[in-house]
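Subject: Handing over the structure

Hi,

Here is the structure I promised to pass on. Have a look at it first, and then read on for what turned up.

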Amino acid sequence: MPAVNVKISPEIITWALSQTSKEKLGEKLMNNITKWLNGTKTPTFNQIEDFSRKANIPLGYFFLQTPPVEKLDLLEYRTIDSIQLANPSRNLIDTVHEMENIQDWMKAYRQDLGFDRLSVVGCMSGVKDVNRIVDRIRHDLDISKTWFETTKDSRDAFGYIRKQLEECGVVVMMSGIAGKNTHRALDINEFRAFTMVDDWAPLIFINAADSNGAKLFSLLHELTHIWLGKSDLFNDRQGRSKDVSDIEIICNAVAGELLVPKDVFLENWNERKTDIYIRIAELARTFRCGEIVIARKAMDCKKIDGKIYDQVVQTAIENYNQVKKNKDASGGNYYNTIGSRLDGCFVRALCESINMGRTTYTEAYHLTNTNRKTLANQTPGSQIPPGV
């Protein structure tokens, strides 16, 4: 069958190039693109399909006359007004849209079944007193000041807080890839987490590519946004930017106090007489968090200076990068991590909706990027009817 040439606007090709990297497209495709742009060659339909697949851009976009305007409302809530996030990646765009679909479904489900608005959403709106916010969150999540003592490490602590949020009706999703494509790894330098506030179905998304300690901090930071009633796109890597808003300062402070209560920290710090860096590492294990969080608390309590804090941050980043290098470059096995990706409350609601005949299998699999077997394995307490 002969190749079919297609007419593609140079403006579209240039825009598509800005949405990806030359490395992902490959030398052969890049050579063709150069010729398309200088007018010495016309692309074939198969070549545009290849371009679409490698750049993760919908095929239909290539046949527009001008680049599509993809409005990402969440960008208005980014922690730092960075140049990088002024042009979000396809991975971030697709992840946000996927979470929007999940939130829309969950909201409609709860409204249709007569659920009330969640009382925790915006309950601390306008409050600036960090301790008041901390006390309210502890009360609503039913956790003690030293809740971390019941967990064994930061990963276990994350699961504990996530479960308490589930009891409050907050949806917590987590993934290190866009969709179910293990070659589309999410970049923590672009974003660490985001929150989409809604009265019926507030949703937190955690970038699973981050370290366990960082994911725990992000979760506590993002849940604070829900209590304050403000959406958020969290992309502050070290928490030292001078450009963050007042609400971000509050959320960081609340997360830090929930993780490492000041009075408990000071008692533990003063008891130890070890080297500063060793002491920070020891306390990170005690409080089930990352060393950066401990260093930040120590700096806020005037126990260390900014130079030591910066050194802890740099070491933590280097250690994280080394761990990432040792992991599978493909981004991990999707089906091995799907259980941690999906929110339990959301999955149970889907299964109940299927049983009630309100949701089709096809819609459920589309929302969760799963099939019947993998979805059923995530819901031991819910029964998916036989068939299909």
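Phe217 is buried, with a relative accessible area of 17% (buried means under 20%, exposed over 50% and partly exposed in between, with a 1.4 Å probe and protein chains only as cover). Phe217 is part of helix H9. Leaving aside residues up to four places away in sequence, Phe217 touches Phe234, Asn252, Ala255, Gly256, Leu259 and Val293 (a contact means heavy atoms within 4.5 Å). Ser154 is 63 residues from Phe217 along the chain, and their C-alpha atoms are separated by 9.5 Å.

Before you go further: this is a predicted model, in which local features need pLDDT of at least 70, side-chain atom pairs count only at pLDDT 80 or more, and totals for chains, interfaces and linings use all residues. Residues are numbered from 1 along each chain as its sequence is written, and side-chain values use heavy atoms, with hydrogens and water left out.

Now the whole chain. The protein chain has 18 helices and four strands (DSSP runs numbered from the N terminus, helices being H or I of at least four residues and strands E of at least two). It has 388 residues, and 50% of them count as buried. Among contacts with a separation of 6 or more, 69% are between residues 24 or more positions apart. The chain exposes about 19,300 Å², with carbon and sulfur atoms supplying 49% of that (areas by the Shrake-Rupley method with a 1.4 Å probe; for residues, only the protein chains shown count as cover).

Back to H9, which covers residues 212–228 and packs against helix H10 (residues 246–259) at an angle of about 125°, with the axes 8 Å apart. Axes here are lines fitted to C-alpha atoms, for helices over the stretch in contact, and angles run from 0 to 180 degrees between N-to-C directions. H9 and H10 are therefore oblique to each other (under 35 degrees is roughly parallel, over 145 roughly antiparallel, 65 to 115 roughly perpendicular, and the rest oblique). On the H9 side, the residues in the contact include Leu216, Phe217 and Leu220, and on the H10 side they include Asn252, Ala255 and Leu259. By class, this contact of H9 with H10 has eleven nonpolar, five polar and one charged residues (Ala, Val, Leu, Ile, Met, Phe, Trp, Tyr, Cys and Pro count as nonpolar, Asp, Glu, Lys and Arg as charged, and the others, Gly among them, as polar).

Two other helix pairs are worth a look. Helix H11 (residues 262–271) and helix H12 (residues 276–286) have axes that come within 11 Å and cross at roughly 135°. That makes H11 oblique to H12. Phe265, Asn268 and Trp269 of H11 meet Ile276, Arg279, Ile280, Leu283 and Thr286 of H12.

For H6 and helix H16 (residues 344–356), the axes come within 11 Å and cross at roughly 60°. H6 is thus oblique to H16. Ile102, Trp105, Met106, Tyr109 and Arg110 of H6 meet Cys345, Phe346, Ala349, Leu350, Glu352 and Ser353 of H16, a set with eight nonpolar, one polar and two charged residues.

Lastly, helix H4 (residues 45–55): its buried residues are Gln47, Ile48, Asp50, Phe51, Ser52 and Ala55. They pack against helices H1 (10–18), H2 (22–25), H3 (27–38) and H6 (90–112). After H4 comes Asn56, with a positive phi near 60°.

Over to you!
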